[in-house]
Amino acid sequence: MDYSDHLRRLTVDGDISDADDAPDLDERTLSLVRLGALVCVAAAESSIRKEVDSAVAAGASPAQIVAVLDAISPIVGRPRIVKAAPKVAVALGDDLDLLESGSDL
């Protein structure tokens, strides 16, 4: 099914079962998009961790993962990003001690 037909079916909540199972995105891009969506809906840390792991496994760098937060910030708002950033940091294996006296925050 082409994108126009797929979009029409999505618009009317129609059956898209005959659509390709795999989105027309590479695994890295798909994981980064899904991570952005999880941040948008204030997903649990476990969900964010799973998608960060998928993104890294697909070749995304930590810098690209953090860039997702920057990219969606104007849309979702700063408070949502501030809430998600520690979850992403933990998923990347970083231990953020925001109360440390040497913090530049």
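Here are some notes on the predicted model above, point by point.

1. Ground rules. This is a predicted model, so to speak of local features we need pLDDT of at least 70, side-chain atom pairs count only at pLDDT 80 or more, and totals for chains, interfaces and linings use all residues. Numbering runs from 1 along each chain as its sequence is written, and side-chain values use heavy atoms, with hydrogens and water left out.

2. Helices here are DSSP runs (H or I, at least four residues), numbered from the N terminus.

3. Ile65 up close. Setting aside residues up to four places away in sequence, Ile65 touches Leu32, Leu35, Val52, Ala55, Val56, Ala60, Val88 and Leu92. Contact means heavy atoms within 4.5 Å.

4. Helix 4. Its buried residues (under 20% relative accessible area, 1.4 Å probe, protein chains only) are Ile65, Val68, Leu69, Ile72 and Ser73. They sit on the same side of helix 4, because they cover an arc of only 145° around the axis, taken from the directions from the helix axis to the C-beta atoms. These buried residues pack against helix 2, helix 3 and helix 5. On the other side, Ala63, Asp70, Ala71 and Pro74 are exposed, meaning over 50%. Gly77 follows helix 4, with a positive phi near 95°.

5. Salt bridges. The whole structure has two, the cut-off being a side-chain nitrogen of Lys or Arg within 4 Å of a carboxyl oxygen of Asp or Glu. Arg9 pairs with Asp5, closest N and O atoms 3.4 Å apart; they are four residues apart in helix 1 (residues 3-11), so about one helical turn separates them. Arg49 meets Glu45 at 3.3 Å, N to O, and both lie in helix 3, again four residues apart. Arg49 is partly exposed at 35% relative accessible area, and Glu45 is partly exposed at 32%; that label covers values between the buried and exposed limits.

6. One to look at: Lys87. This residue, in helix 5, is buried yet has no salt bridge, and the nearest side chain of opposite charge, Glu45, is 6.8 Å away. Beyond its neighbours within four places in sequence, Lys87 contacts Ala42, Ala43, Ala44, Glu45 and Ile48.

Key: Helix = DSSP H or I, 4+ residues; strand = E, 2+ residues; numbered from the N terminus. Lys, Arg positive; Asp, Glu negative; His and termini not counted.
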